[in-house]
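Biologist: I am new to this one and would like to know what the labels rest on. Could you take me through it step by step?

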Amino acid sequence: MTLENTAAVPLTDPLKELASPRRRLAPEDREHQIVQAAIAFFARHGFDASTRDLAREMGVTQPLLYRYFPTKEALVDRVYDEVFVRRWNPEWEEWLADRSSPLADRLKRYFKDYARFVLRSEWVRIFIYAGLSRGGINQKYLGRLRERHFLVIAREMRHEYGIPEPADSAAEDDEVELVWAMHSSVFYIGVRKWVYDLPTPKNLERLIDMRVDAFIHGVPVVLKTQRGG
């Protein structure tokens, strides 16, 4: 797997589709078309761009936009749902918690599939723009990630490597921070590509294997030493 083939490359440009001579579409099809165009628009211009500019770039009127999304907030909420919620794979939690496989294998499987989800141009750019102007989007997503993935990884790591339970919430936060560092190292590959336009590894799966191995061979030792395990 390379980062290039994780990019979202639509067969047709949603903005050009809307700007073309208007066809009679079912309401749900028109709404889907608007949402896809809005994703492309916000990924390029950020959330500070106006709905007036969005409508102009789409080649439609603002009243048409408001017929489907009465406010900009409603459209942003729909973009969040499409980009960050609908593409979430509920099997990730199952994979991470499945003790029939070593934790290292579970983490590699999880991160390789998760990378296909997040290392896309529109995902990375919208997430960065949201952090600058729409913090609620990031907070909702990262809260979900912490509860459903980071805490599960920390729990499974304690179980597999005999790490003493955290004595308090601060000790649990230490575990989460170490998991977050591994997660961030994968996400940052997308930032390098889609924000900084820098070269990225050609073999992403091999890199994920190495980063998971580095985590597995380092973090449990650090936590056991710190907790006297």
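Modeller: Let us begin with leucine 178, which lies in helix 10 (residues 169-194); helices are DSSP runs of H or I with at least four residues, strands are runs of E with at least two, and both are numbered from the N terminus. This is a predicted model, where local features need pLDDT of at least 70, side-chain atom pairs count only at pLDDT 80 or more, and totals for chains, interfaces and linings use all residues. Residues are numbered from 1 along each chain as its sequence is written, and side-chain values use heavy atoms, with hydrogens and water left out.

Biologist: Why does leucine 178 count as partly exposed?

Modeller: Buried means under 20% relative accessible area, exposed means over 50%, and partly exposed is in between (1.4 Å probe, protein chains only). Leucine 178 has 28% relative accessibility, so it counts as partly exposed.

Biologist: Which residues does leucine 178 touch, not counting residues up to four places away in sequence?

Modeller: Those are Phe215, Val219 and Leu223, where contact means heavy atoms within 4.5 Å.

Biologist: What makes helix 9 and helix 10 roughly perpendicular?

Modeller: The axes of helix 9 (residues 135-161) and helix 10 cross at roughly 105° and come within 9 Å. Axes are lines fitted to C-alpha atoms, for helices over the stretch in contact, and angles run from 0 to 180 degrees between N-to-C directions. Angles under 35 degrees count as roughly parallel, over 145 as roughly antiparallel, 65 to 115 as roughly perpendicular and the rest as oblique. Helix 9 and helix 10 are therefore roughly perpendicular to each other.

Biologist: Which residues of helix 9 and helix 10 meet?

Modeller: Helix 9 brings residues including Leu142, Phe150 and Arg158, and helix 10 brings residues including Glu172, Trp180 and His183. The residues of this contact divide into nine nonpolar, one polar and five charged. Here Ala, Val, Leu, Ile, Met, Phe, Trp, Tyr, Cys and Pro count as nonpolar, Asp, Glu, Lys and Arg as charged, and the others, Gly among them, as polar.

Biologist: At what angle do helix 9 and helix 11 pack?

Modeller: Helix 9 and helix 11 (residues 204-227) pack at about 80°, with axes 11 Å apart. That makes helix 9 roughly perpendicular to helix 11. In this contact, Met157, Arg158 and Tyr161 of helix 9 meet residues of helix 11 including Phe215, Val219 and Leu223.

**Inside the protein**

Biologist: How do you know that leucine 75 is buried or exposed?

Modeller: Leucine 75 has its place in helix 5 (residues 72-85). At 1% relative accessibility, leucine 75 falls under the 20% limit, so the residue counts as buried. Leaving aside neighbours within four places in sequence, leucine 75 is in contact with Ala38, Phe42, Leu54 and Phe69.

Biologist: Which residues touch the most other members in the largest nonpolar core?

Modeller: Phe84, Leu107, Trp123 and Tyr141 do, in a core of 68 residues. A nonpolar core is a set of buried Ala, Val, Leu, Ile, Met, Phe, Trp, Tyr and Cys residues joined through side-chain atoms within 4.5 Å. Among the contacts of tyrosine 141 are Tyr80, Phe84, Trp88 and Trp123.

**A loop and the whole chain**

Biologist: What makes aspartate 197 exposed?

Modeller: Its relative accessible area is 66%, over the 50% limit, so aspartate 197 is exposed. Aspartate 197 is found in the loop between helix 10 and helix 11, and its phi is near 55°, a positive value in a residue other than glycine.

Biologist: How many helices and strands does the protein chain have?

Modeller: The protein chain has 11 helices and zero strands, and 45% of its 229 residues count as buried.
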